[in-house]
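Reader: Can you walk me through this one? Keep it short.

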Amino acid sequence: LKFSKNRRSQVKRDNPELCNTDVSRLLGEMWRNASELERKPYVDQEIVEREVYKKTIKEWREKQSSRDAATRTSHQAVQQIGRPNNRSPEVPPPPPLGLATYDHIEPFRLQTVEEALNA
């Protein structure tokens, strides 16, 4: 990237008829054909910048992790909420599966117009 940034303006001046895509292709070809001696400063700079980035992102992640930990509920507390013996006292437990009865609910019945008007 640094190689391209440094040489792009010169390549554009030398080849004003080329579009951006062709300039990028030419720069890629120049990079592939460059000797180790020409590449070395760019590769060395990339290595240094990569190490700085890794250190910076590691520090940021640690800082973010501690910030997130302070604001979220702990994993153990979340597990406790889902356990059946930790229900709040005002909410009755659900009936066992298959044993729920609906005897107290009156079945739905269509009314005639007269019944509805008289009601």
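Author: One term to begin with. Buried means under 20% relative accessible area, exposed means over 50%, and partly exposed lies in between, with a 1.4 Å probe and protein chains only. At 32% relative accessibility, Glu46 counts as partly exposed.

Reader: What kind of model is it, and how are residues numbered?

Author: The model is predicted: local features need pLDDT of at least 70, side-chain atom pairs count only at pLDDT 80 or more, and totals for chains, interfaces and linings use all residues. Residues are numbered from 1 along each chain as its sequence is written, and side-chain values use heavy atoms, with hydrogens and water left out.

Reader: How many helices and strands?

Author: Five helices and zero strands. The order from the N terminus is α-α-α-α-α. Both kinds of element are DSSP runs numbered from the N terminus: helices are H or I with at least four residues, strands are E with at least two.

Reader: How much of the chain is buried?

Author: Buried residues make up 6% of the 119 residues.

Reader: Back to Glu46. What does Glu46 pair with?

Author: Glu46 forms a salt bridge with Arg50, and their closest N and O atoms are 2.4 Å apart. A salt bridge here is a side-chain nitrogen of Lys or Arg within 4 Å of a carboxyl oxygen of Asp or Glu. Both residues lie in helix α3, four residues apart, about one turn of the helix. Arg50 is partly exposed, at 44% relative accessibility.

Reader: How many salt bridges by that rule?

Author: Five. Among them is the pair of Glu49 and Lys2, at 3.4 Å from N to O. That pair links distant parts of the chain: Glu49 sits in helix α3 (residues 36-71) and Lys2 in helix α1 (residues 2-14), 47 residues apart.

Reader: Are Glu49 and Lys2 buried, partly exposed or exposed?

Author: Glu49 is partly exposed at 37%. Lys2 is partly exposed too, with a relative accessible area of 36%.

Reader: What does Asp22 bridge to?

Author: Arg25, at 3.0 Å from N to O. They are three residues apart in helix α2 (residues 20-33), so about one helical turn separates them. Asp22 is partly exposed at 28%, whereas Arg25 is exposed at 55%.

Reader: New topic. At what angle do α1 and α2 pack?

Author: About 120 degrees, with the axes 10 Å apart. Axes are lines fitted to C-alpha atoms, for helices over the stretch in contact, and angles run from 0 to 180 degrees between N-to-C directions. So α1 is oblique to α2. Under 35 degrees would be roughly parallel, over 145 roughly antiparallel, 65 to 115 roughly perpendicular, and the rest is oblique.

Reader: Which residues make the contact?

Author: From α1, Phe3, Ser4, Arg7, Arg8, Val11 and Lys12. From α2, Asn20, Val23, Ser24, Leu26, Leu27, Met30 and Trp31. Contact means heavy atoms within 4.5 Å.
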